[in-house]
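Have a look at the structure first, then read on.

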Amino acid sequence: MTRRIDYRRRAVDKARLTGRLSLSALPRTRAVVAEASDAPVEASLLLDEDNQRRVVLTGRVRTTLMLPCQRCLQPTAQAMDVHVAGIVVASDEAAAAVPREWEPILSEGDMLDVHALIDDELLLALPMIVQCDRPVCRAAYDTEQKAPENSPAPDKPNPFAALASLKRDDDEPR
């Protein structure tokens, strides 16, 4: 896949950009994965113009990233299927004028760095919490394990018991 494109010229042609990248072409995404995988990053992007001659970029980015589990820190496969939809702009002022239903995609002048765009989209779509499905990890770190139904509830001290004695002291006439 071509790294840099003249996005205006490609939008006039209604260009479809499809291809595969290795994770090494996306340095910022590569920096957050637990281990490199052989899974390619597949991208399919379409450049078009809307009725106001703005360059609209839509498409999808798909891959599987090996991210660290938040519980056991072991690498776990996370499928990524990212929908891309935005208007390509050349400046911050133009980005401020993009309608709310679209995301501004900032370019470098007349050229759009497609690899940086894919890198950005993957980073923005990363899950907040990654947890693996390994039974050992789930058993060791699952805090929502239920106690058997016929076991008595453990006696817990009431944290407000000390307040009861203070209230009794206040109720006494002075």
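## A loop residue to start with

Lys14 sits in the loop between helix 1 (7-12) and strand 2; helices (H or I, at least four residues) and strands (E, at least two) are DSSP runs, numbered from the N terminus. Its phi is near 50°, a positive value in a residue other than glycine. Lys14 counts as exposed because its relative accessibility is 53% (exposed means over 50% relative accessible area, with a 1.4 Å probe and protein chains only).

A quick word on the model: it is predicted, so local features need pLDDT of at least 70, side-chain atom pairs count only at pLDDT 80 or more, and totals for chains, interfaces and linings use all residues. Residues are numbered from 1 along each chain as its sequence is written, and side-chain values use heavy atoms, with hydrogens and water left out.

Five strands make an open sheet in the order 2-3-4-5-6, with mixed pairing (two strands pair if DSSP finds at least two bridges between them). Strand 2 (16-21) and strand 6 (103-106) are at the edges with a single partner strand each, so one side of each has no neighbour in the sheet.

Strand 4 (residues 55-68) and strand 5 (residues 75-89) run antiparallel, joined by 14 bridges. Leu67 stands opposite Thr76 in strand 5.

## Another positive phi

What lies between strand 4 and strand 5? A loop, and Leu73 is found there. Leu73 isn't a glycine, yet it has a positive phi of about 65°. With 63% relative accessibility, Leu73 counts as exposed.

Terms used:
Buried < 20%, exposed > 50% of the residue type's maximum accessible area, 1.4 Å probe, protein only.
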